[in-house]
Amino acid sequence: MPEKKLLTCAFCKGTGKDPFKLLSKLAACQVCGGSGKIEVYEPVVTCAFCKGRGTHPHTRVSCPVCNGKGSVTQRGYKEECSNCGGSGHLVGANLPCSVCGGKGVIRR
Ligand SMILES: [Zn+2]
Ligand SMILES: [Zn+2]
Ligand SMILES: [Zn+2]
């Protein structure tokens, strides 16, 4: 069984509240469900697409790569994705890189 790592929710920064208050001021964070903590399977890398912030870089929604967690699981040997240069971004678009899926690293 892969080990889970307990991390502070990147989307709400551990507050447990919806950072954009889209639903209501008291709405719980959609990513962690209000606990302020999230679980990610080891080995964990920082999400390149949102730079670990958990939010989509251009819209007020959770990051599509890490689902708002700010961290993603990347098993195996990690190599910087040459398609996006490790940024996780599809060049010229606000979309995750099609090669690495937005992680910025690929498995070799
Ligand atoms: Zn949260
Ligand atoms: Zn992300
Ligand atoms: Zn890439």
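Modeller: Before the fold is described, a term is needed: strands are DSSP runs of E at least two residues long, numbered from the N terminus. The model discussed here is a predicted one.

Biologist: What pattern does the protein follow when it is read along the sequence?

Modeller: The secondary structure comes to 0 helices and 6 strands, so that strands, as DSSP runs of E, are what the pattern has to list. Read along the sequence, the pattern is β-β-β-β-β-β.

Biologist: Which strand has the lowest mean pLDDT, and which the highest?

Modeller: For the protein as a whole the mean pLDDT is 92, with 99% of the residues at 70 or more. Among the elements, the lowest mean, 91, belongs to strand β6 (residues 105-107), and the highest, 97, to strand β2 (residues 37-41).

Biologist: Why does the radius of gyration agree with that of a compact globule?

Modeller: The C-alpha trace spans about 45 × 40 × 15 Å along its principal axes. Because a compact globule of 108 residues would have a radius of gyration near 13 Å, the value for the protein agrees with it, at 14 Å.

Biologist: Which residues make up the largest nonpolar core?

Modeller: Of the 108 residues, 34% count as buried, and a nonpolar core is drawn from buried residues joined through C-beta atoms within 7 Å. Leaving aside neighbours within four places in sequence, C29 is in contact with residues including C9, F11 and C12. A second, separate core of 8 residues includes A48, C63, V65 and V72. The largest core has 9 residues, namely C9, A10, F11, C12, C29, V31, C32, I38 and V40.

Definitions and conventions:
Residues are numbered from 1 along each chain as its sequence is written. Chains are lettered from A and ligands numbered from 1 in the order in which they are written. This is a predicted model: local features need pLDDT of at least 70, side-chain atom pairs count only at pLDDT 80 or more; totals for chains, interfaces and linings use all residues. Helices (H or I, at least four residues) and strands (E, at least two) are DSSP runs, numbered from the N terminus. The radius of gyration is taken over C-alpha atoms; the globule rule is 2.2 Å times the number of residues to the power 0.38. A residue is buried if 20 or more other C-beta atoms lie within 10 Å of its own, exposed if 12 or fewer, and partly exposed in between; C-beta atoms are placed from the backbone. Two residues are in contact if their C-beta atoms, placed from the backbone, lie within 7 Å. pLDDT is the predictor's confidence in each residue, from 0 to 100.
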